[in-house]
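Hi everyone, thanks for coming.

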Amino acid sequence: MASKLKSTKELMVFLGKSMIAFLESMIFIIVPRPRKNVAGEIVLITGSGSGLGRFLALRFARLGSVLVLWDINKEGNEDTCRMVREAGATRVYAYTCDCSQKENIYRVAEQVKKEVGDVSILINNAGIVTGKSFLDCPDELIEKAFDVNFKAHLWTYKSFLPAMIANKHGHLVCISSLAGLTGVNKLADYCASKFAAFGFAESICIETIAQKLKGIKTTIVCPCFIKTGMFEGCSTAHPFLLPVLEPEYVADKIVDAILQEKIYLNLPKRISFLMFLKSILPVKVLVLLAEYMGALNVMDGFVSKNKKN
Ligand SMILES: NC(=O)c1ccc[n+]([C@@H]2O[C@H](COP(=O)([O-])OP(=O)(O)OC[C@H]3O[C@@H](n4cnc5c(N)ncnc54)[C@H](O)[C@@H]3O)[C@@H](O)[C@H]2O)c1
């Protein structure tokens, strides 16, 4: 009897809290969520030497953040450094870091802690793509894709999360991809690494909730194609369904999601609906839909940035 009462009470508490949470999210559809202030926050962006990373750095510069820029490409990173200074950032620190190397990450992270301080917003953005059928992918490129797109996230979290926990203040941002939500032809290694990055970031988010760690936020971003040159030559059959996004637009949306402390950001939003369809439609219909959207041969025109690939 006592246990029946206890489980009824637990059910009522669960339903009551869920109702409040649901109403809160309904209110925020009408009323904009408050944005947090990131002036003075130490923001580390990996892969800041070009593309999305550079646009994110420019956004945070305008918001008054301290910037820590990591890239394997020294020249590109120095260009970003100059651009963010011109955009108004007063404290910018550029480091050459090969995010495919754990020891390199640990070494540069220690340097950052000594020279700049505790990172409070960590954006794991560096990424690479091979763009070949799986059996044509050389082993070393598959391993590299995992090292940069996923394993680097493990080592950066190990480096910066402890101080975030101690300070009860931090934000972990994972740049995954639509390819982290669904498989894509000729992107097996890339998709697997992006699924891994998503699963890891979501698990740590759940871990912080389970351990009642206050002040640690997570944002996981899954965009479709972006015009940065990473997927040069790729196109979708029906851009109204899956457009190739402008990097400025994507950077604006990501920064806004961080400021609002949103956990999930799918770009464009209709990706969430496509994922819902994926979970309910029969496989044959899904294949027809993928064919209609040109998703089966989306990589056909791909031109790799890395000529050695
Ligand atoms: N471009 C797209 O269509 C698209 C779509 C979805 C997700 N993404 C993701 O967005 C992120 C940014 O990509 P982007 O489009 O700006 O591409 P990009 O190639 O312009 O930028 C990637 C950056 O990562 C850096 N980088 C690569 N290897 C590195 C390493 N070992 N160590 C440190 N830095 C390294 C590169 O030098 C480059 O500056 C990536 O994670 C990518 O997977 C891109």
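**A walk through the model**

Let's begin with helix H1, residues 2–30: its 29 residues reach 43 Å from the first C-alpha to the last, close to the 42 Å expected at 1.5 Å a residue. That expected span is 1.5 Å times one less than the number of residues in the helix.

Before going on, two housekeeping points. Residues are numbered from 1 along each chain as its sequence is written. And this is a predicted model, where local features need pLDDT of at least 70, side-chain atom pairs count only at pLDDT 80 or more, and totals for chains, interfaces and linings use all residues.

Back to H1: is it buried or in the open? Of its 29 residues, the number buried is 0, so H1 lies largely in the open. Buried here means that 20 or more other C-beta atoms lie within 10 Å of a residue's own; 12 or fewer is exposed, in between is partly exposed, and the C-beta atoms are placed from the backbone.

Now look at helix H2, residues 51–62. H2 is mostly covered, with 11 of its 12 residues buried. Among the buried ones are Gly-51, Arg-54, Phe-55 and Arg-59. What covers them includes E1, E2, helix H3 (74–86), E4, E5 and H7. The 12 residues of H2 should span 16 Å at 1.5 Å a residue, and the end C-alpha atoms are 17 Å apart, which agrees.

In what order do its strands run? The sheet is open, has 7 strands with parallel pairing, and goes E3-E2-E1-E4-E5-E6-E7. Strand E3 (92–96) and strand E7 (264–267) are at the edges with a single partner strand each, so one side of each has no neighbour in the sheet. From one strand to the next, the twist averages 15°. Two strands count as paired if DSSP finds at least two bridges between them.

Strand E1 (residues 42–46) pairs with strand E4 (residues 121–124) in the parallel sense over 3 bridges, and Leu-44 sits opposite Leu-122 in E4. E4 also pairs with E5, again parallel, over 4 bridges, and there Ile-123 stands opposite Val-173 in E5. As for E5, 6 of its 6 residues are buried, so the rest of the structure largely encloses it. Both faces are covered: Gly-170, Leu-172 and Cys-174 are buried on one side, and His-171, Val-173 and Ile-175 on the other.

Some helices lie across the strands. Helix H7 (residues 247–259) lies across E4, strand E5 (170–175), strand E6 (216–223) and E7, at about 165° to E7. Those angles run from 0 to 180 degrees between N-to-C directions, with axes fitted as lines to C-alpha atoms, for helices over the stretch in contact. Contact means C-beta atoms, placed from the backbone, within 7 Å.

On to the ligand. How many residues surround it? There are 29, and the closest are Gly-47, Gly-51, Cys-99, Gly-127 and Thr-228. A residue is near a molecule if its C-beta atom, placed from the backbone, lies within 6 Å of it. H2 gives the largest share of this shell, 3 residues. The shell divides into 13 nonpolar, 14 polar and 2 charged residues. Nonpolar means Ala, Val, Leu, Ile, Met, Phe, Trp, Tyr, Cys and Pro; charged means Asp, Glu, Lys and Arg; the others, Gly among them, are polar.

Most residues other than glycine have a negative phi, and most peptide bonds are trans. Lys-212, however, has a positive phi near 50°. It lies in the loop between H6 and E6, and with 6 C-beta neighbours inside 10 Å it counts as exposed. Glu-261 has a positive phi too, about 55°. You'll find Glu-261 in the loop between H7 and E7, partly exposed, with 14 other C-beta atoms within 10 Å. And a cis peptide bond, with omega about -5°, joins Leu-267 and Pro-268; Pro-268 is in the loop between E7 and helix H8 (270–280).

Definitions and conventions. Helix = DSSP H or I, 4+ residues; strand = E, 2+ residues; numbered from the N terminus. Contact = placed C-beta atoms within 7 Å.
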